[in-house]
Amino acid sequence: MQSLSQSPEEKVRNFQRKLYVKAKQEATFKFYSLYDKLYRDDVLQYAWQQCRANKGAPGVDGQSFKDIETKIGIGLFLKEISDELRNETYKPMPVRRVYIPKPDGSQRPLGIPSIKDRVVQMACLIVMQPVFEADFLDCSYGFRPKRSAHQAIGAIKDNIQQGFTAVYDADLTKCFDRISHQLIMNTCAERISDSKVLRLIKKWLEAPVVEPGGPKQGRKNFQGTPQGGKCKALHKAVS
């Protein structure tokens with residue numbers, strides 16, 4: 001029996017561990033009932049904590065973390081999200097586009113979702129990540145929990161000491177700017193059969209993008225996923 005004094009993080013970790021074990025034991029199993037887990041109190045509370053720790057600027061609605069804490073209250077804010085998800089009335093807002101200069105003189109496009117959308121995306125990531133984490137090979141280090149670039153470098157050094165001398169370096173130009181929505185959806189569907197979760201991911205992919213000086217309603221996104229929100233992290237978790 002779980003202790004009643006467990007924190008949201010501890011409850012979420014226990015839940016994630018169960019998902020991971022199930023996914024690891026049954027490599028072809030498709031998870032069919034995940035949507036209702038997105039609006040669990042502990043999942044939403046932990047999603048808020050993660051998003052708050054990451055900080056970040058407001059989205060198109062101009063609402064900041066401080067606004068939510070002082071004008072709305074975290075409890076009410078999360079209850080509204082829970083109600084919308086439960087009643088299936090949740091609809092993502094457009095994504096605010098900003099451009100960050102790169103060393104080579106070009107610009108990197110970033111997408112800033114509203115904080116509300118970030119929390120829901122984080123909740124989805126919390127639930128889905130352990131399912132796909134179970135499928136990764138041990139040699140994979142990119143964007144995985146408790147994995148880092150420093151660990152990858154350490155593994156390379158170990159391989160060199162064992163006599164391996166060839167290193168292959170590859171990068172896909174503007175991968176997340178151009179990646180096919182259908183490819184992402186097909187990959188998600190390999191492990192997730194919950195149609196409500198899949199529809200939610202599709203809504204995030206197609207959310208309008210508001211360019212600087214562009215129309216407030218934004219333009220619909222037909223390819224790629226905005227870099228800057230948790231939707232990109234979600235796609236990395238399954239790819």
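Let's start in the middle. The largest nonpolar core in this predicted model has 46 residues. Val119, Ile192 and Ile201 have the most contacts inside that core. Which helices supply at least two residues each? They are α1 (8–25), α2 (35–38), α3, α4 (65–72), α5, α6 (115–133), α9 (181–189) and α10 (195–206). The largest share comes from α6, with twelve residues.

Some background. In soluble globular proteins, nonpolar side chains tend to be buried together.

Now take Ile192. What does Ile192 touch, leaving out residues up to four places away in sequence? The list is Phe31, Leu34, Met128, Val131, Phe132, Val197 and Leu198.

Next, the aromatic rings. The model has five aromatic pairs. Look at Trp48 and Phe77. Their ring centres are 5.7 Å apart, and their planes meet at 65°. Over 60 degrees counts as edge-to-face, so this pair is edge-to-face. Where do the two residues sit? Trp48 is in helix α3 (residues 41–54), and Phe77 is in helix α5 (residues 74–87).

Trp48 has 5% relative accessibility, so Trp48 counts as buried. Phe77 has 3%, so Phe77 counts as buried too.

There is also a ring cluster. Ring pairs link Phe29, Phe31 and Tyr32. Phe31 is one of the residues that Ile192 touches. Phe29 has a charge over its ring: the charged end of Lys22, 4.5 Å from the ring centre.

Arg147 lies over the face of Tyr141, 4.8 Å from the ring centre.

Note on methods. Residues are numbered from 1 along each chain as its sequence is written. This is a predicted model: local features need pLDDT of at least 70, side-chain atom pairs count only at pLDDT 80 or more; totals for chains, interfaces and linings use all residues. Side-chain values use heavy atoms; hydrogens and water are left out. Rings of Phe, Tyr and Trp (its six-membered ring) pair if their centres lie within 6.5 Å; planes under 30 degrees apart count as stacked, over 60 as edge-to-face and the rest as tilted. Helices (H or I, at least four residues) and strands (E, at least two) are DSSP runs, numbered from the N terminus. Buried means under 20% relative accessible area, exposed over 50%, partly exposed in between (1.4 Å probe, protein chains only). A charge sits over a ring if NZ of Lys or CZ of Arg is within 6 Å of the ring centre and within 35 degrees of the ring normal. A nonpolar core is a set of buried Ala, Val, Leu, Ile, Met, Phe, Trp, Tyr and Cys residues joined through side-chain atoms within 4.5 Å. Contact means heavy atoms within 4.5 Å.
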